[in-house]
Amino acid sequence: MRVTKKLIGLLAIASILLLSACATAAVQAAPTVSDAEAPAATVYNGGEEKSTERSISVQGQGTVSAKPDLVTLSLGVQTTGETAIEAISLNSEQMNGVIAAIQEYGIADEDIQTSGINLYPVYEDRSLVQSGEQRQVVGYRASNSVTVTVHDIALAGSLLDAAITAGANQVSGVNFGLSDTDAIVTDALIAAVKNAQAKAQTIADTLGVQLGAALVVNEEWIERPQARAYFAEAAAFDSGGFSPPVQGGTVNVTAHIRVTFAIE
């Protein structure tokens, strides 16, 4: 009996010593913070842990100006008649005259495009209707509009005068542009990249860190030439034989990008 108790005691002591040795070995095998590689920073995106490098992210913007080499004109004819047929017939005749006048300036068929045709009733004046009565249709109004692309801006004023003389009584927009935007967009992107690099370098210098290579580059959007429009009421034109001045000025293309640079 005494032998059994001694044997049990010896086994218990041996188990304790064995567990202690295993724990010591595990502690010795684990690297210290100084021995192990420092972990990358982490961010949480929708609950998902994601590692990131030390970096600087900036926006870059580059604008390049150029002289436009084309202009798009939006012209229209508006007519009225007692019936829908009368209004649309008069409108078609008048618009055909406008298109013929435009074509005399050498404008190709593919540069003349119909942009809208409308026909709607004209009701009697509300002030003439008694309370509770419905207004009656007193006629119809038809409108037809075209966009004309002119590749010689110097002709735009004379062409407008000819169109107005021929019957165009609406001018809804003048839009200057470029026939080829590839080169200017490339220049704008280059300027945007240089702008982003300069921003990132300024931040890095201020923080006292070394700016590394670009990790991610995103083209966000390109601003292309915007319309320079003016509007006029129907039948408000009387050119008097004088060509309205049309000045092209310059157009701008602006590129917007975002670049992420590594910090070394």
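**Close-ups of a predicted model**

**View 1. Helices α2 and α3 cross each other.** In this predicted model, the axes of helix α2 (residues 84–103) and helix α3 (residues 156–166) come within 8 Å, crossing at roughly 155 degrees. Angles over 145 degrees count as roughly antiparallel, so that's the label for how α2 and α3 run relative to each other. As for handedness, this crossing of α2 and α3 is right-handed.

**View 2. Here's where α2 and α3 touch.** On the α2 side, look for Gln94, Gly97, Val98, Ala101 and Ile102. Helix α3 brings Leu159, Ala162, Ala163 and Ala166 to the contact. Sort the residues of this α2–α3 contact by type and you get 7 nonpolar, 2 polar and no charged.

**View 3. An open sheet is built from 3 strands.** The strands line up in the order β3-β9-β8, and their pairing is antiparallel. At the edges sit β3 (55–66) and β8 (211–223), each pairing on one side only. Ignoring direction, neighbouring strands in this sheet are turned by 25 degrees against each other on average.

**View 4. Zooming in, β3 pairs with β9.** For a landmark, find Ser57: the residue standing opposite it is Thr260 in β9.

**View 5. Helix α4 lies across the strands β3, β8 and β9.** This helix takes in residues 182–207. Follow α4 along and you'll see that it runs at about 145 degrees to β3.

Conventions
Residues are numbered from 1 along each chain as its sequence is written. This is a predicted model: local features need pLDDT of at least 70, side-chain atom pairs count only at pLDDT 80 or more; totals for chains, interfaces and linings use all residues. Side-chain values use heavy atoms; hydrogens and water are left out. Axes are lines fitted to C-alpha atoms, for helices over the stretch in contact, and angles run from 0 to 180 degrees between N-to-C directions. Helices (H or I, at least four residues) and strands (E, at least two) are DSSP runs, numbered from the N terminus. Angles under 35 degrees count as roughly parallel, over 145 as roughly antiparallel, 65 to 115 as roughly perpendicular and the rest as oblique. A crossing is left-handed if the near helix is turned anticlockwise from the far one by less than a right angle, and right-handed if clockwise. Contact means heavy atoms within 4.5 Å. Ala, Val, Leu, Ile, Met, Phe, Trp, Tyr, Cys and Pro count as nonpolar, Asp, Glu, Lys and Arg as charged, and the others, Gly among them, as polar. Two strands pair if DSSP finds at least two bridges between them.
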